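User: I would like to work through this structure step by step. Please begin with the terms that I shall need.

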Amino acid sequence: MNERTREFEAKNGPPAWTREHAAAIERTDDTVAPIIYPPEAPVDSDLHIWDTWFLRERDGSIADIDGYRIVFALSSSSELLPGKRHDVATIRYFYSRDGENWKTGGSIFDVDEKGPLGSRQWAGSALYDQGTIYAYYTASGARGEEALTYTQRLAVGHGGTVETDEDGLRIEGPWTHEVLLEPDGEFYETESQSRGMIYTFRDPWFFEDEGTTYLLFEANTPVPEGSDACGGDAAQQEFNGSVGIAESPTGNPTEFELRPPLLDAVCVNQELERPHVVRRDGCYYLFISSHDHTFTPGLDGYDALYGFVADSLRGEYEPLNASGLVLTNPSNAPFQAYSWLAYDHGDELLVTSFFNYFEFDRPSLDEVAVLPEAEQLRRFGGTLAPTVRIRLDGNRTKVVGTLGHGHLPLPDEELPESWWERCEKLPDEGEY
Ligand code: FRU
């Protein structure tokens, strides 16, 4: 262990998501989403759509562009076998006035020699600041590569603008693309240090807090061979996910320096995906998505949204609901949704995700590959899932209802009465 990491760990204590926490993960009525059925129409029948994020202002509010809200999503042709989509992922934008009906804008970047970095672009976030868009993304692989590689760098395209007219809305360049961050090998594992599953260094998420500008991202903590982590268990040491953070010393949204991770899950889980924070009542709620198959041997988790709470951005974070589990799929449709994004809505959190595989209840997502290709396509949702409503009270959460597929209300828009509110009003037994 090097000096910087030692100092960090001495100060911050053990990783926040421990095996003891994760061992308590269990489906409950409060954490399971209702079953999802296919929508009448997907957002765009020509596209598979998965990880999705809003265009936001510096203070985190959803940008209002002449009455439109904008989301960005990873996308590919809907003719592609769903399992191949990560190899060609392209960021497209979609816009809506009512948060229910979305129109496809198109690819955010032109793909040419000045186009985005990487051979494909994975998840990110988007800032609208003084009329300019900063589109953060993961540059996966290298531009123009012949064989796919899995190098991941945090990148930004900036300089884009957005125009509206009677036909709708357009985002246009020119863009300047820059690599912002690569793993340093001390706080964050590099590709060559990785010992097991594919390393992660991706999903930059822009966030400002108390006037300081940050990027959060998904990463791994280096665990050298022979280390005493996980009681020296080499198999467990390969599972070393973390939530990374970088800070901009000047507030410039294109200049960041790495800082020690916010949370790590060494010996627990390999992938803490798409980290993001919701601030509420002086608390910081940190959310990540993770998979059933990325928990270490001996731990049973689910494809789910996991969350943690702290009274400052740096933590120490405590898992919500004791285990960290906030929202998962029902046991008879365990892969129906993934890649959740929570945002604040008054007393509730609204959680969007994408509609993943339905009519599929085998124990592992790997078994999708044994289905005939036509079935792989038929059973893949590839569009926005119903939004889930969650009550949040201190370190506890509770699923209280859903909205339609891809219905993304603004924080000040009124919602219909939830199941939970209706039930609260029912008289107790004996009062009928
Ligand atoms: C989550 C994820 C992200 C990544 C993207 C690639 O769904 O694994 O971490 O950016 O998918 O498609």
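Analyst: Two strands pair if DSSP finds at least two bridges between them. Strands (E, at least two residues) are themselves DSSP runs, numbered from the N terminus. The structure is a predicted model, in which local features need pLDDT of at least 70 and side-chain atom pairs count only at pLDDT 80 or more, while totals for chains, interfaces and linings use all residues. Residues are numbered from 1 along each chain as its sequence is written, and side-chain values use heavy atoms, with hydrogens and water left out.

User: In which sense do β7 and strand β8 pair, and over how many bridges?

Analyst: Strand β8 covers residues 168-172. A hairpin through 2 residues joins β7 to β8, and T161 has E172 as its bridge partner in β8. The pairing of β7 with β8 is antiparallel, over 5 bridges.

User: Over how many bridges do strand β6 and strand β7 pair?

Analyst: Strand β6 spans residues 132-140 and strand β7 spans residues 152-165. One of the links joins I133 to its bridge partner in β7, G160. The two strands pair in the antiparallel sense, and the number of bridges is 8.

User: Which residue in β9 is the bridge partner of H158?

Analyst: Strand β9 (residues 176-181) pairs with β7 in the antiparallel sense over 5 bridges. Within β9, the bridge partner of H158 is T176.

User: Which residues touch the most other members of the largest nonpolar core?

Analyst: A nonpolar core is a set of buried Ala, Val, Leu, Ile, Met, Phe, Trp, Tyr and Cys residues joined through side-chain atoms within 4.5 Å. Buried means under 20% relative accessible area, exposed over 50%, and partly exposed in between, with a 1.4 Å probe and protein chains only. The largest core has 59 residues, and those touching the most other members are I70, F72, I171 and L327.

User: Is W340 buried or exposed?

Analyst: W340 belongs to strand β19, residues 337-345. Contact means heavy atoms within 4.5 Å, and, not counting residues up to four places away in sequence, W340 touches several residues, including H276, D303, L327 and V351. Because its relative accessibility is 2%, W340 counts as buried.

User: What kind of aromatic pair do F109 and W175 form?

Analyst: Rings of Phe, Tyr and Trp (its six-membered ring) pair if their centres lie within 6.5 Å; planes under 30 degrees apart count as stacked, over 60 as edge-to-face and the rest as tilted. By this rule there are 21 aromatic pairs. The ring centres of F109 and W175 are 5.0 Å apart and their planes stand at 90 degrees, so the pair is edge-to-face.

User: How many residues apart in sequence are the parts that F109 and W175 tie together?

Analyst: F109 is buried, with a relative accessible area of 5%, and W175 is buried at 13%. F109 lies in the loop between β4 (103-107) and β5 (120-129), and W175 in the loop between β8 and β9, so the parts tied together are apart in sequence by 66 residues.

Notes
Helices (H or I, at least four residues) and strands (E, at least two) are DSSP runs, numbered from the N terminus.
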